[in-house]
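Have the sequence and the model side by side.

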Amino acid sequence: MKQRNNDWGKMSKLAYRLKSIYLAYMAKPKLPIPPYKHIVQLGDPILRYKAEPVPLSEIGTPEFCQIISLMAKALEIFNIAGLSAPQIGVGKRIMAFQYPRSKDSTYDEKSYKAMEMEEVPLQFWINPELKILDWDKVSHPEGCASLKGLCADVPRYKKVALKGYDERGQEKTLEASGWTARIIQHEMDHLDGDFFVDKMVPKTLKNSGWQLINLKQGRIKLDFGPFNMDT
């Protein structure tokens, strides 16, 4: 009887070890595969890598179109001015930006004029190249969907030129100043693995919702997705 109890004890320990191994290595939930339906946050290594150029032969493929669709949806759902492919986990030189004034109640008319804001239709840029046209800089507050909740003053060049391809593979160029130039420089930074906090005026860094956090006594939730492509 004693020998039988020892055998059962050994079998129980073995079963426990096998179960532990299974739970540790086999039963882990599978990680999602990019492109994501959420915006990745600072700390994800993809945001610090220099994105790779998109081969022009890939433009129009189902994989490419999926990236474009997800970026467009993220811009809409999160109501943001710009987004780069690395922010949805794809290390490609693709960026998009827009500024629909009608959807933004953040800035009053005085701020709108001071920061030289303008309506900008949604546009995609593939393999964009930036040229500085005015080397003078001006500082204004910036935030980032990949560093949610924080903002800081960032010096940016006043005027830039952009050239690259659209989502159909057609070459295009753009000259931009003021707020639009700022958005472009912000997204170009993402494609090079940089963040606005690398260039900010350090002591201006703050939580953009600090007043609301106090008002709500800390009861604030930040939403990182995922978003629904069907809505």
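Which residues form a nonpolar patch on the surface? Leu212, Leu215, Ile220, Leu222 and Phe224 do, with about 460 Å² of accessible area together. Patches are made of residues with over 30% relative accessible area and no salt bridge; like charges are joined within 9 Å, and nonpolar side chains (Val, Leu, Ile, Met, Phe, Trp, Tyr) within 5 Å. Areas come from the Shrake-Rupley method with a 1.4 Å probe, and for residues only the protein chains shown count as cover.

A word on the source. This is a predicted model, in which local features need pLDDT of at least 70 and side-chain atom pairs count only at pLDDT 80 or more, while totals for chains, interfaces and linings use all residues. Residues are numbered from 1 along each chain as its sequence is written, and side-chain values use heavy atoms, with hydrogens and water left out.

Leu212 lies in helix α5 (residues 210-215). Helices (H or I, at least four residues) and strands (E, at least two) are DSSP runs, numbered from the N terminus. Leu212 has a relative accessible area of 43%, so it counts as partly exposed. That term covers the range between buried (under 20% relative accessible area) and exposed (over 50%), with a 1.4 Å probe and protein chains only.

Now go inside, starting with helix α2. It spans residues 62-78, 17 residues in total. From first C-alpha to last it reaches 24 Å, close to the 24 Å expected at 1.5 Å a residue. The expected span is 1.5 Å times one less than the number of residues. Buried residues of α2 include Phe64, Ile67, Met71, Lys73 and Phe78. The buried residues of this helix pack against β1 (82-84), β2 (94-99) and β3 (120-143). Asn79 follows α2, and its phi is positive, near 55 degrees.

The largest nonpolar core has 22 residues. Such a core is a set of buried Ala, Val, Leu, Ile, Met, Phe, Trp, Tyr and Cys residues joined through side-chain atoms within 4.5 Å. Met71, Leu83 and Ile94 touch the most other members. α2, β2 and β3 are the elements that give two or more residues to this core. The largest share, 8 residues, comes from α2. Apart from this core lies another, of 18 residues, among them Met95, Met115, Val160 and Leu162.

Finally, the charges. There are 12 salt bridges, each a side-chain nitrogen of Lys or Arg within 4 Å of a carboxyl oxygen of Asp or Glu. Asp198 and Arg48 form one of them, at 2.7 Å from N to O. This pair links distant parts of the chain, 150 residues apart. Asp198 sits in the loop between α4 (178-191) and β6 (206-207), and Arg48 in the loop between α1 (2-26) and α2.

Lys73 and Glu76 meet in a salt bridge at 3.8 Å, N to O. Both lie in α2, 3 residues apart, about one turn of the helix. An α-helix has 3.6 residues a turn, so residues three or four places apart point the same way. Lys73 is buried at 8% relative accessible area, whereas Glu76 is partly exposed at 46%.

Asp189 pairs with Lys199, the closest N and O atoms being 2.7 Å apart. Asp189 is in helix α4, and Lys199 is in the loop between α4 and β6. Asp189 counts as buried at 7% relative accessibility; Lys199 counts as partly exposed at 37%. Both belong to a network of salt bridges that also links Glu142, Arg156 and Arg182.

Methods. Contact means heavy atoms within 4.5 Å.
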